[in-house]
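Subject: Structure handover

Hello,

Please find the structure below. My notes on what was found in it follow.

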Amino acid sequence: RYTDGLPSGGAFRSDIVRAESIKPIDKMLLDLEVKNVENEENLGIYRYSYKTGKWIYIGGSLDSARAMLSEYVSSGGLYAAIENPNRPGFEDIDGNWAKLYINSLAYAELVNGYEEGGHKYFMPQSEITRGEFVKILTAASGDSLEDNDVSMFEDADQIAEWAAPYAAAAYKAGWLKGSVTDTGIRANLSDRITRQDAMTLVY
């Protein structure tokens, strides 16, 4: 079951550990013994998300001498050390306060960023479109992407090919309703998303 949620090409490098606390805590130190590591740079601690069925990257510091990977965690759950060769490698997030969160979503294959001239960028200061936001939420929900029919939207011809499967899945799931017009509904996926729209979709 838990192997299905591994990042593509990823491999467990520790036992799967259930961390629990008998009383409320702010944080606890998690130590995982690692073995058979091929590339230490690709190693991290991941927490299993039952909601998405994926392992989510949360960080980790390696003590090579002890073969221990450590990280402070703030909640119980299933944890494991995973070696993931698909490092995001974004060149514009070093020093950014959101780096951990960006990398976590990238390791879980929920965000991809942009590639220009053989370099990968996340563009953290840029605004996000409705289509990009719908893609992230649909990928996180695990909904099927087999259908790319977006003919229910009157602006279907303006929906990018990469966005169509996500928009179709979100519409079928009932949480992407579009904007009602006199003649139908529009997805408006190329528009920049507002905070109120984002909160509505998340809810």
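Of the contacts in the protein with a separation of 6 or more, 67% are between residues 24 or more positions apart; contact means heavy atoms within 4.5 Å. This is a predicted model, in which local features need pLDDT of at least 70 and side-chain atom pairs count only at pLDDT 80 or more, while totals for chains, interfaces and linings use all residues. Residues are numbered from 1 along each chain as its sequence is written, and side-chain values use heavy atoms, with hydrogens and water left out.

The protein has four helices and twelve strands. Both are DSSP runs numbered from the N terminus, helices being H or I with at least four residues and strands E with at least two. The C-alpha trace spans about 65 × 45 × 30 Å along its principal axes. Of the 203 residues, 38% are buried (under 20% relative accessible area, with exposed over 50% and partly exposed in between; 1.4 Å probe, protein chains only).

Nonpolar cores

A nonpolar core here is a set of buried Ala, Val, Leu, Ile, Met, Phe, Trp, Tyr and Cys residues joined through side-chain atoms within 4.5 Å. The largest one has 18 residues, and those touching the most other members are Val134, Val150, Phe153, Ile159, Leu176, Leu189 and Leu201. Two or more residues each come from α2 (130–141), α3 (164–173) and α4 (195–202). The largest share, five residues, is that of α3. Leaving out residues up to four places away in sequence, Leu189 touches Thr129, Arg130, Gly131, Val134, Ile159, Ala163 and Ala167. Another core, of eleven residues, lies apart from this one and includes Leu32, Val34, Leu43 and Ala81.

Helix packing

α2 and α3 pack at an angle of about 65°, and their axes are 9 Å apart. Axes are lines fitted to C-alpha atoms, for helices over the stretch in contact, and angles run from 0 to 180 degrees between N-to-C directions. The crossing is left-handed, that is, the near helix is turned anticlockwise from the far one by less than a right angle (clockwise would be right-handed). On the α2 side Val134, Lys135 and Thr138 take part, meeting Tyr166, Ala167, Ala169 and Ala170 of α3.

Asn103 sits in helix α1 (residues 99–107). Why does Asn103 count as buried? Because its relative accessibility is 11%. Its contacts, not counting residues up to four places away in sequence, are Tyr57, Pro88, Phe90 and Ile93.

Strands

Two strands pair if DSSP finds at least two bridges between them. β3 is joined to β7 (residues 68–73) by six bridges, and Met28 has Val73 in β7 as its bridge partner.

β4 (residues 43–49) and β5 (residues 54–59) run antiparallel and are joined by five bridges. Ser49 stands opposite Lys54 in β5. The two strands form a hairpin with four residues between them, and Gly53 in the turn has a positive phi of about 70°.

Regards
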